[in-house]
Amino acid sequence: MKLIIINGPNLNLLGKREPDIYGNRSFEVFYESLKEKFKNIELEYYQSNLEGEIINKLHEVGFNYDGIILNAAAYTHTSVAIGDAVKAIETPVVEVHISNVHARENFRHTSFIAKNAKGVISGFGLQSYILAIQSF
Ligand code: DQA
């Protein structure tokens, strides 16, 4: 099984960024533990701060991977274009958030992705990614 984790803007700063909300582990360190934990899964990781690059990656993997785990970060709440890309591709997408977006500001309660996602996992810290992998 081939899965990819796609992380959006500012998630390259995990570990440094608002640790009270997002924890103090970098994604790179966490990703190494994911590869150890899921040795039988072909796992890839991609991060970009740019909307168009995230869309290009969705197009690239969206017809030949078994699953996409997408934390589009703030673009979740703003990007019609990423929502359209998720709708356009064939590979199922699980929307993931580290924090519980529904317990935060109102603008985080909207998702342009959720409607076309296989499911949404939000609020379990980095464990949200583990739950998403296990959902495939
Ligand atoms: C986030 C939640 C978003 O609202 C926020 O903009 C992020 C991270 C999360 O993983 O909790 O950057 O997607």
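**Reading a ligand site and a helix pair**

Mentor: A polar side-chain atom of N71 lies 2.8 Å from an oxygen atom of the ligand, which is a polar contact (a pair of N or O atoms within 3.5 Å). This is a predicted model, in which local features need pLDDT of at least 70 and side-chain atom pairs pLDDT 80 or more, while totals for chains, interfaces and linings use all residues. Residues are numbered from 1 along each chain as its sequence is written, and side-chain values use heavy atoms, without hydrogens and water.

Trainee: Which atoms of A74 and S99 lie at what distance from a ligand oxygen atom?

Mentor: For A74 a backbone N or O atom lies 3.2 Å from an oxygen atom of the ligand, whereas for S99 a polar side-chain atom lies 2.6 Å from one. Of the 320 Å² of accessible area that the ligand has on its own, the protein covers 99% (Shrake-Rupley method, 1.4 Å probe).

Trainee: How should I read two packed helices?

Mentor: They are described by the angle and the distance between their axes. Here the axes of α2 (residues 27–37) and α5 (residues 127–134) come within 11 Å and cross at roughly 35° (lines fitted to C-alpha atoms over the stretch in contact, angles from 0 to 180 degrees between N-to-C directions; helices are DSSP H or I runs of at least four residues).

Trainee: Which residues meet there?

Mentor: F27, F30, L34 and K37 in α2 meet Y129, I130 and I133 in α5 (heavy atoms within 4.5 Å).

Note on methods. A polar contact is a pair of N or O atoms within 3.5 Å; within protein, one must be able to donate a hydrogen and the other to accept it, and residues adjacent in sequence count only if both atoms are side-chain atoms. Helices (H or I, at least four residues) and strands (E, at least two) are DSSP runs, numbered from the N terminus.
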